Amino acid sequence: MKVTHLIILFIIFQYSCFSQDLYKEVSEKKLFENIKYLSKKELGGRLSGSIGYEKALQFAEKQFKSYGLKSERQNFLLEFNDILKPAVFQYENEQEKMDFKIGKDYILRCFSGSGNLNTDIVFCGYGISNHELGYDDYFGIDVKGKVVIVFKQNPEWEINDTTKWTAIYPRDKALIAFSHGAIGIIFVSKPNDANPQSIIGSSMENHSIDQVNIPQIHATIETINKIFESNNFDIKALQSDIDKNKTPKSFALKGKVKININTNYVKQQPTSNLYAIIEGSDSLLKNEYLILGAHLDHVGVQAEDVYFPGANDNASGSATILELARVFSLHKIKPKRSIIFVLFAAEENGMLGSKYFAENCPVPVKNVVSMFNFDCIAHGDSILVRCGELFPELWNIAKENNKYINMMVDKTTNSSVADAEAFFKEGIPTLYFVTTNTYTHLHLQTDTPETINKQLHRKITQLAYLTTLNVANTNKTFWH
Ligand SMILES: [Zn+2]
């Protein structure tokens with residue numbers, strides 16, 4: 001054997017043995033810079049289909065390019081609603097006048113319609129009208145041309161003590177109110193819940209009801225309490241009463257609400273997933289793929305000023321995808337299998353982007369050996385790798401690599417959810433990386449870069465790097 005051959009062999013040996021040391025290259029600073037940019041106000045909460053989301057896409061494209069990777073967009077259509085300025089919500093009766101502030105006292109439901117109203121208000125309990133079950137919050141109540149106040153969630157109790165309520169979403173409740181002639185709807189979280197839901201941003205489509213073109217507000221319990229108190233009612237007592245008697249208790253309130261909401265609804269707005277591929281180095285195994293994915297979108301901005309930064313959800317996962325692409329691009333000799341880095345659109349609308357990607361996969365689905373999803377991975381305490389009960393061999397690879405970072409908890413889960421679900425349904429083994437106690441600021445205006453656990457974010461990205469590297473290089477084919 002010639003000396004040059006020996007040198008080449010030595011170099012190959014070195015890279016194949018020590019490429020995993022590149023996990024140390026994962027940069028806390030770069031991860032945090034990515035989060036900071038994606039969470040900026042000018043990106044307006046990255047609602048899929050918005051200008052802010054387009055800016056996030058362009059940022060990611062630039063990053064991929066700077067690592068020598070060519071990225072590709074995958075376009076599809078979705079429902080889109082722009083909530084414009086001004087947003088007015090006031091209440092007035094003979095004694096007092098209240099002026100509520102968007103972002104503090106209320107927010108708008110994602111598919112709110114427009115309206116400039118000055119009218120009466122009616123409390124309509126759970127806002128349900130189900131004749132089959134014999135339960136109707138609208139029975140004998142005139143809501144025509146008025147605004148209704150309803151609980152956002154559904155009753156816990158069973159109707160007739162036997163029948164569970166089927167899912168009734170806020171969008172259904174808006175349609176029910178509208179079909180009874182209401183011209184606006186105000187949701188309030190059930191005040192007697194142990195942890196009543198805050199006024200969260202949302203863009204969930206749920207299912208295909210077209211926009212109900214009336215203002216749809218989600219007010220805080222305090223806001224609604226102020227209105228009820230000036231009517232000598234207590235919202236907590238009202239809920240208790242309905243729940244105890246399992247009977248509607250709807251009535252008109254005195255005073256009027258003034259509401260002025262302006263939205264711009266588009267039934268089919270274009271948006272895009274974005275992906276880049278690093279080709280494998282093995283002549284045969286390069287035809288097999290690992291997909292690393294995270295959703296880039298979040299829940300947007302309202303009336304220009306109120307925006308949802310989505311630093312943890314999911315600028316964190318997106319930052320990790322970009323950082324993994326950077327570190328894998330540093331490899332002189334690439335891993336044996338090919339790796340696809342993908343940023344999904346429209347997770348917040350109901351995981352539309354990952355579904356579209358899995359169903360329109362740019363490579364043959366049968367050649368995809370695993371999909372790793374990253375969602376909400378930079379707030380909380382430690383690392384949880386989900387889906388381990390479904391795919392113990394994959395999970396064990398992650399667990400084995402925990403020796404380098406020491407932050408992964410020993411428990412896992414038995415279901416594939418969020419953006420991993422669509423791939424699981426295509427028969428692809430999945431892991432879902434998340435952190436424990438991650439949802440403190442979920443869909444709130446407080447999900448900001450200041451709340452990020454930078455060290456945790458770096459470690460989970462390192463764990464993802466090591467696990468990906470092992471799966472991309474292994475000679476085992478246990479997943480099919
Ligand atoms: Zn979310």
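These legends describe close-up views of a predicted model. Local features need pLDDT of at least 70 and side-chain atom pairs count only at pLDDT 80 or more, while totals for chains, interfaces and linings use all residues. Residues are numbered from 1 along each chain as its sequence is written, and side-chain values use heavy atoms, with hydrogens and water left out.

**View A. Protein donors of the zinc ion.** Asp313 (OD), Glu348 (OE), Glu348 (OE) and His443 (NE2) lie 2.0 to 2.5 Å from the zinc ion. Donors are N, O and S atoms within 2.8 Å of the metal (3.2 Å for Na, K and Ca); water is not among the atoms, so sites may look incomplete. Along the chain, the donors are spaced D-x34-E-x94-H. Asp313 sits in helix 7 (residues 311-329) and Glu348 in the loop between strand 16 (338-344) and helix 8 (352-359), so the pair ties together parts 35 residues apart in sequence. Helices (H or I, at least four residues) and strands (E, at least two) are DSSP runs, numbered from the N terminus. Asp313 is buried at 3% relative accessibility. Glu348 is buried too, with a relative accessible area of 6%. Buried means under 20% relative accessible area, exposed over 50%, and partly exposed in between (1.4 Å probe, protein chains only).

**View B. Angles around the zinc ion.** The four donor atoms subtend angles of 55 to 148 degrees, which makes the arrangement irregular. Four donors count as tetrahedral if all angles lie between 85 and 135 degrees; four count as square planar and six as octahedral if opposite donors are over 155 degrees apart and all others between 65 and 115; anything else is irregular.

View C. Helix 3 (residues 51-66) has 16 residues. Its buried residues are Gly52, Tyr53, Ala56, Leu57, Phe59, Ala60, Gln63 and Phe64. The face turned away carries the exposed residues Ile51, Lys62, Lys65 and Ser66. Packing partners of the buried residues include helix 2 (28-38), strand 1 (71-83) and helix 7. Contact means heavy atoms within 4.5 Å.

**View D. The ends of helix 3.** At the start, a side-chain oxygen of Ser50 comes to within 3.4 Å of the backbone nitrogen of Gly52. Gly68 follows the helix, with a positive phi near 80 degrees.

Key. The expected span of a helix is 1.5 Å times one less than its number of residues. A polar contact is a pair of N or O atoms within 3.5 Å; within protein, one must be able to donate a hydrogen and the other to accept it, and residues adjacent in sequence count only if both atoms are side-chain atoms.
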